[in-house]
Amino acid sequence: MTMETILRTLALCLALAGAETLHGIARTVFLVPRVGKARALKLSILSGTAIAFGLCWVFVPGIGLSTLSGHLALGFVLAAFMAGFDLALGMLLLKRPLRKALEDFSPATGNLLVFGLAALIIIPVLVAHIRGLM
């Protein structure tokens, strides 16, 4: 793995973190008051996945991977980064205890973030397949 691959992967991680943070803010400000928190969380899994797909569409070809295992590894890195980012954001910025921050990953509490993370694992593979990168 080259330094360029690492930097391009980090750029994708930061782009995802920024976009998903803005997405969460928009959901809270605009969607929750209109449709309620439960429905907003369900709808935002679709729009969040679409945002992630769009960013991967732009960034993944430049990373230079050419194998299924490479793209799956990228997906796992993205999912791990975003899970860590979500926990850090919840605990450090929003001052939520770990127990409350972990509720974001529990479908039992109405949060579907774990499904978004699962989608993030396969999105680089889908992008690579569609774009003929592997």
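We begin with Thr9, which sits in helix H1. Before going on, please keep in mind that this is a predicted model.

Is Thr9 buried or exposed? Its relative accessible area is 12%. Buried means under 20%, so Thr9 counts as buried. Setting aside residues up to four places away in sequence, Thr9 touches Ile63, Leu74 and Val77.

Next is Leu55, and for this one we move to helix H2. Leu55 has a relative accessible area of 19%. With the cut-off for buried at under 20%, Leu55 is therefore buried. What does Leu55 touch, leaving aside its neighbours within four places in sequence? The contacts are Leu12, Ala15, Leu16 and Ala19. There is also a distance to note: the C-alpha atoms of Leu55 and Pro124 are separated by 9.9 Å, and these two residues are 69 residues apart along the chain.

Pro124 comes up again with Cys56. Apart from neighbours within four places in sequence, Cys56 is in contact with Leu12, Pro61, Leu78, Ile123, Pro124 and Val127.

In soluble globular proteins, nonpolar side chains tend to be buried together. Here the largest nonpolar core has 21 residues, and those touching the most other members are Leu12, Leu16, Cys56 and Leu78. Which helices supply at least two residues each to this core? They are H1, covering 3–35, then H2, then H3, covering 68–93, and H5. The helix that gives the most is H5, with six residues.

Now the packing of two of those helices. Two packed helices are described by the angle between their axes and the distance between the axes. Helix H2 spans residues 37–63 and helix H5 spans residues 113–131; they pack at an angle of about 40 degrees, and their axes are 9 Å apart. That angle makes H2 oblique to H5. The crossing, as H2 passes H5, is right-handed.

Who makes the contact? From H2 the residues are Ile45, Thr49, Ala52, Phe53, Cys56, Trp57, Val60 and Pro61. From H5 they are Phe115, Gly116, Ala119, Leu120, Ile123, Pro124, Leu126, Val127, Ile130 and Arg131. By type, the residues in this contact are 15 nonpolar, two polar and one charged.

To finish, look back at Cys56: this residue belongs to the contact of H2 with H5, and is among the core residues that touch the most other members. That is all I have.

Methods
Residues are numbered from 1 along each chain as its sequence is written. This is a predicted model: local features need pLDDT of at least 70, side-chain atom pairs count only at pLDDT 80 or more; totals for chains, interfaces and linings use all residues. Side-chain values use heavy atoms; hydrogens and water are left out. Axes are lines fitted to C-alpha atoms, for helices over the stretch in contact, and angles run from 0 to 180 degrees between N-to-C directions. Helices (H or I, at least four residues) and strands (E, at least two) are DSSP runs, numbered from the N terminus. Angles under 35 degrees count as roughly parallel, over 145 as roughly antiparallel, 65 to 115 as roughly perpendicular and the rest as oblique. A crossing is left-handed if the near helix is turned anticlockwise from the far one by less than a right angle, and right-handed if clockwise. Contact means heavy atoms within 4.5 Å. Ala, Val, Leu, Ile, Met, Phe, Trp, Tyr, Cys and Pro count as nonpolar, Asp, Glu, Lys and Arg as charged, and the others, Gly among them, as polar. A nonpolar core is a set of buried Ala, Val, Leu, Ile, Met, Phe, Trp, Tyr and Cys residues joined through side-chain atoms within 4.5 Å. Buried means under 20% relative accessible area, exposed over 50%, partly exposed in between (1.4 Å probe, protein chains only).
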